Amino acid sequence: MADRKRCDPQPLDERPGHLIRRLQQISLALFMEQASRFDITPVQYAAIFAIGKQPGMDQTALGNAIALDRSTIGDVVTRLEKKKLIKRLDGATDRRTKSLYITAVGRRLVADIEPAVAATQRLILAPLTAGERAGFMRMLKRLVHLNNERSRAPHRPL
């Protein structure tokens, strides 16, 4: 009987991976609820935000900045370009490399969506006390930083 108890798996709601996935689902639902009128996903928002902060970056740099793999970042860039939120121009030194720039429409969207993004962030943490929020954010940043290299697409700051 002792062997069976030792081998019993931990319940899902006590596993960090499951809880992190659930929190990501909740975060996505809150973002989509708050930002529904903008027709943009959280990943698309992160990409357009990063391009606005670092105009002229290429797709590899963008993928590094927001921690997405090459195939995913290509799809995101294509969608943003179709929505006229960004544009791709030939690179200054290598025409095969495309430099990414936010458009006027994209800048307006980033400005207009900011209250919805801020509301999403508040709602995610709202159930916690102020002290718990600060502690949670400290631990979350630490876990992400310490596990960064284990990611399929590690974050590489610009």
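**Notebook: a helix, some rings and some charges**

I began with helix H4 and found that its buried residues are covered by, among others, helix H3 (42-53), helix H5 (70-82) and strand S2 (98-102). I note here that I am working from a predicted model.

**Entry 1, helix H4.** I looked up which residues of H4, spanning 59-66, are buried, and I listed Ala61, Leu62, Gly63 and Ala65. Next I went to the start of H4, where a side-chain oxygen of Asp58 comes to within 3.2 Å of the backbone nitrogen of Thr60.

**Entry 2, aromatic rings.** How many aromatic pairs are there? I counted two. In one of them, the ring centres of Phe31 and Tyr45 are 6.3 Å apart and the planes stand at 45 degrees, so I wrote the pair down as tilted. This pair joins distant parts of the chain, since Phe31 belongs to helix H2 (residues 16-34) and Tyr45 to helix H3, 14 residues apart. I also looked up whether these two are covered, and both Phe31 and Tyr45 are buried.

Tyr45 also pairs with Phe49, and I again noted a tilted arrangement, with 5.7 Å centre to centre and 40 degrees between the planes. Here both residues sit in helix H3, four residues apart, or about one turn of the helix. Is Tyr45 buried or exposed? I read 11% relative accessibility for Tyr45, so it counts as buried. Phe49 has a relative accessible area of 35%, so I put it down as partly exposed. Putting the ring pairs together, I get a cluster of Phe31, Tyr45 and Phe49.

My count of salt bridges is five, and I looked into some of them.

- Arg88 and Glu81 meet through their side chains at 2.9 Å, N to O. I noted Arg88 as partly exposed because its relative accessibility is 25%, and Glu81 as partly exposed at 29%.
- Lys98 and Asp90 form a salt bridge at 2.4 Å, N to O. Lys98 is partly exposed at 33% relative accessibility, and Asp90 is partly exposed at 35%.
- Arg156 bridges to Glu149, with the closest N and O atoms 2.7 Å apart.

Note on methods. Residues numbered from 1 in each chain as written. Predicted model: local features only at pLDDT ≥ 70, side-chain atom pairs only at ≥ 80, totals over all residues. Heavy atoms only, no water. Buried < 20%, exposed > 50% of the residue type's maximum accessible area, 1.4 Å probe, protein only. Helix = DSSP H or I, 4+ residues; strand = E, 2+ residues; numbered from the N terminus. Contact = heavy atoms within 4.5 Å. Polar contact = N/O pair within 3.5 Å; in protein donor to acceptor, adjacent residues only side chain to side chain. Salt bridge = Lys/Arg side-chain N within 4 Å of Asp/Glu carboxyl O. Phe/Tyr/Trp six-rings, centres within 6.5 Å; stacked < 30°, edge-to-face > 60°.
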